[in-house]
Amino acid sequence: MSRTALRICPLCEATCGLTLTIEGTRVTHARGDRDDVFSQGFICPKGASFGAVDSDPDRLRTPLVRRDGELREATWEEAFDAVAAGIRPLVERHGPNSVGVVLGNPNVHTMAGALYPPVLLAGLGTRSVFTASTVDQMPKHVSSGLLFGDANAIPVPDLDRTGHLLLIGANPLESNGSLCTAPDFPGKLKALKARGGTLVVIDPRRTRTAKLADRHIAVRPGTDALLLAAMAQVLFEEGLTEPAPHVQGVEELAAALREFTPEAVAGACDVEAGVIRDLARDLAAAPAAAVYGRIGSCTVPHGTLASWLVDVLNILTGNLDRPGGALFPQAATDKTPRPAGPGRGFSLGRWHSRVSRHPEAKGELPLSALAEEIDTATEEGEPVRALIAVAANPVLSAPDGDRLDKALDSLDFMVSVDPYLNETSRHADVVLPPPPPSQSPHHDFAFNTLAVRNQVRYTRPAVPLEPGRMAETEILARLVLAVTGMHGADPAAVDQMVIDQTLGKAVKEPHSPVHGGDPRELATRLTGDTGPERRLDMMLRLGPYGDGFGVRPDGLSLDKLLAHPHGIDLGPLQPRLPQPLKTRSGQVELLPGPIADDLPRLRAALAERPEGLVLVGRRHLRSNNSWMHNVPALTGGSNRCTLHIHPEDADRLGVEDGAAVRVKGAGGEVTAPAEVTDAIRRGVVSLPHGWGHNRPGTRLSHASTDPGVNVNQLLDGRLLDPLSGNAVLNGVPVEVAPETGPEASAVTEKLTALT
């Protein structure tokens with residue numbers, strides 16, 4: 001007999017509510033939850049395929065431990081015994097930095113991934129930390145840290161109330177939004193146009209989002225910062241600035257941008273000066289407007305400057321912290337809001353990588369540097385000898401996967417927390433598989449800090465934990481114990497330690513609702529069936545909407561949230577400045593020192609003109625990085641690994657539609673089928689990210705039938721945005737030629753079979 005259960009979708013950043021149909025313990029159908037306070041029934045193909053993702057037969061069901069060179073099934077006890085025996089001696093002999101930690105994007109889609117990695121890093125004490133952020137959004141964290149004093153204070157466009165939205169390097173009709181959590185992003189853009197608003201898209205590709213736009217500007221890849229700087233210069237030159245309050249450095253910024261006139265940047269951007277002036281004037285004239293940039297403007301040589309200039313334009317037009325502009329969300333699990341005033345600020349380069357001396361950013365080193373940190377000896381410090389990879393597949397997501405592939409094979413020890421034996425986890429000595437998402441609880445700690453409307457939702461597991469499985473929260477808690485010298489202790493001790501520390505600090509903070517209380521007594525009042533639920537209850541109660549452990553009877557708690565299974569709406573975004581600011585001045589610091597120091601590099605780019613083809617990535621609606629290519633329902637159709645090339649470039653190079661082409665970059669070369677299309681501008685080619693499922697030793701039966709190619713193999717990892725350490729993935733030079741060797745026939749045969 002079937003039943004239904006609610007579940008928040010964990011498959012992209014939109015966090016839509018789902019209603020699951022369950023037969024026994026199997027999810028057989030998923031539809032949008034019409035009563036969800038945030039998504040109101042919206043669903044995309046990924047959410048509709050929740051059951052197929054959940055029941056993928058290639059998901060690992062038991063731990064794997066390497067014995068005699070082969071990964072074999074083992075008990076959980078054997079697996080954690082092996083982790084403790086493999087990691088602890090290396091820490092004690094070579095120091096904590098000899099153990100690297102890699103955190104992948106899926107961590108922000110699970111409760112476990114939000115709650116336990118910070119405890120793991122603190123317990124290990126390692127500085128060898130690498131995450132997916134430095135192949136994605138780290139420039140935005142750095143620019144926000146420098147502007148606002150908090151790397152996680154990221155303003156988002158007020159989509160429901162804006163009248164003018166300018167998107168640069170963003171394609172939310174395919175991605176569903178990123179660093180801007182918004183179910184039904186397409187519907188919100190259509191509603192913007194329906195109420196008479198304007199949508200402007202700046203992108204070298206005519207994406208689905210660009211097709212919806214009132215105006216599409218096909219900028220040359222990598223020149224986003226130049227274009228935005230010129231728009232800001234026009235605002236100053238024509239007296240169109242209306243800076244938001246609590247801002248310092250306006251005059252200094254005007255002087256710093258004086259050279260970036262539309263006429264000066266037009267050649268580099270390949271956008272006419274008059275068009276740039278119109279963009280600036282229209283933005284300034286709109287009663288409420290927002291500028292929003294995403295991965296296309298982050299993964300470029302000037303990614304931090306571009307991210308900074310997005311907010312500069314919002315600030316100069318008076319649209320920062322204004323309804324209809326760009327506002328700071330307030331998540332229910334945020335810390336208790338402190339009084340406005342100066343903070344500690346944000347620093348870069350507190351330590352550096354061992355080999356190339358890359359500065360840390362937000363406590364992380366560039367993922368591009370992971371291979372050299374493993375395989376290169378220096379006189380300074382220990383190399384990374386062991387690796388803990390949690391929901392990470394850097395062999396596909398980092399530049400030069402071939403080098404990293406070899407480096408991983410040279411490690412003394414590796415543990416991977418992953419449901420699949422994929423291109424990275426195949427190197428592990430221990431693989432710890434989490435259960436399917438239907439068997440896990442869900443609350444969006446990270447994405448609610450980026451949501452376009454304040455709300456709070458929580459769903460318990462839709463299906464009981466299968467016998468032999470271990471909850472992901474317990475896996476990570478046991479991992480913390482195993483690598484920090486406490487192997488064998490009760491995993492509940494990890495949650496209790498965090499609760500004790502958090503409440504101990506809260507009672508000492510004058511602005512806390514529990515100031516002066518007894519932390520042990522407060523801990524006894526927490527509700528929840530598990531340690532993670534008790535931690536969620538604590539965060540809700542201490543948060544901005546919380547009951548303060550009884551101080552505010554109408555406030556939030558876990559019990560109240562459980563009584564509202566479709567979530568609780570907390571209202572539209574509200575102006576919050578200056579409270580979110582943590583800069584040393586207590587103001588928005590419009591021209592921070594590191595930004596000013598990087599502007600000469602941007603000035604030098606005014607004279608740059610790439611002579612050959614440059615590469616950009618692209619996103620598919622039915623895909624999310626390298627996660628979902630093993631699900632038949634989410635592959636095929638438009639979700640294919642092809643090289644987009646403009647007809648004129650194809651004709652010049654002798655490339656035919658559907659034929660195999662060889663693409664060569666600084667890090668290597670790949671062969672892929674060509675897709676000739678005028679949806680991409682001349683001089684630019686595009687390959688999607690996350691493919692390349694053709695390495696031996698994996699267990700991805702469907703993905704391996706149509707593996708595609710790894711676009712990141714075209715990169716050698718040396719191109720980085722210097723402020724953030726972010727990999728440059730877009731606007732990189734490549735060579736393209738027809739493939740005439742054996743691979744050409746193989747590609748043709750594959751295309752014939754697929755069609």
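Helices α10 and α12 are roughly antiparallel to each other, because an angle over 145 degrees counts as roughly antiparallel, one under 35 degrees as roughly parallel, one of 65 to 115 as roughly perpendicular and the rest as oblique. This is a predicted model, in which local features need pLDDT of at least 70 and side-chain atom pairs count only at pLDDT 80 or more, while totals for chains, interfaces and linings use all residues. Residues are numbered from 1 along each chain as its sequence is written, and side-chain values use heavy atoms, with hydrogens and water left out.

Start with that pair. The axes of α10 and α12 (residues 262-269) come within 9 Å and cross at roughly 165°. Axes are lines fitted to C-alpha atoms, for helices over the stretch in contact, and angles run from 0 to 180 degrees between N-to-C directions. Helices (H or I, at least four residues) and strands (E, at least two) are DSSP runs, numbered from the N terminus. α10 passes α12 in a left-handed crossing. Left-handed means that the near helix is turned anticlockwise from the far one by less than a right angle; right-handed means clockwise. On the α10 side, the contact (heavy atoms within 4.5 Å) is made by Leu 226, Leu 227, Ala 230, Gln 233 and Val 234. Pro 262, Val 265, Ala 268 and Cys 269 of α12 meet them. The contact residues divide into 8 nonpolar, 1 polar and no charged. Here Ala, Val, Leu, Ile, Met, Phe, Trp, Tyr, Cys and Pro count as nonpolar, Asp, Glu, Lys and Arg as charged, and the others, Gly among them, as polar.

Next comes α13 (residues 273-285). Its axis and that of α10 come within 9 Å and cross at roughly 60°. This crossing is right-handed. From α10, the contact takes in Leu 227, Ala 230, Met 231, Val 234, Leu 235 and Glu 237. From α13, it takes in Ile 276, Arg 277, Leu 279, Ala 280, Leu 283 and Ala 284. The division is 10 nonpolar, no polar and 2 charged.

A further partner is α15. Helix α10 (residues 224-237) and helix α15 (residues 303-316) pack at an angle of about 25°, with their axes 9 Å apart. That makes α10 roughly parallel to α15. The crossing of α10 and α15 is left-handed. Among the contact residues are Leu 228, Ala 232 and Phe 236 of α10, and Leu 305, Leu 309 and Leu 316 of α15. The whole contact divides into 14 nonpolar, no polar and 1 charged.

Now follow the chain out of α10. Thr 241 lies in the loop between α10 and β12 (247-248). It touches Leu 235, Phe 236 and Leu 316, not counting residues up to four places away in sequence. Thr 241 and Gly 318 are 77 residues apart in sequence, yet 7.5 Å apart in space, C-alpha to C-alpha. Buried means under 20% relative accessible area, exposed over 50%, and partly exposed in between (1.4 Å probe, protein chains only).

In α6 (residues 138-148), 11 of its 11 residues are buried. What covers them includes α14 (295-298), α15, β20 (588-589) and α24 (593-604). Just after α6, Gly 149 takes a positive phi of about 85°.

Asn 730 is buried, with a relative accessible area of 11%. At 1.5 Å a residue, the 15 residues of α20 (residues 492-506) should span 21 Å, and its end C-alpha atoms are 21 Å apart, which agrees. The expected span is 1.5 Å times one less than the number of residues. The buried residues of α20 include Val 494, Ile 499 and Leu 503.

Last, the backbone. Most residues other than glycine have a negative phi, and most peptide bonds are trans. Asp 68 has a positive phi near 55° and is exposed, with a relative accessible area of 75%. Phe 549 has a positive phi near 60° but is buried, at 5%. A cis peptide bond joins Leu 577 and Pro 578, with omega about 5°.
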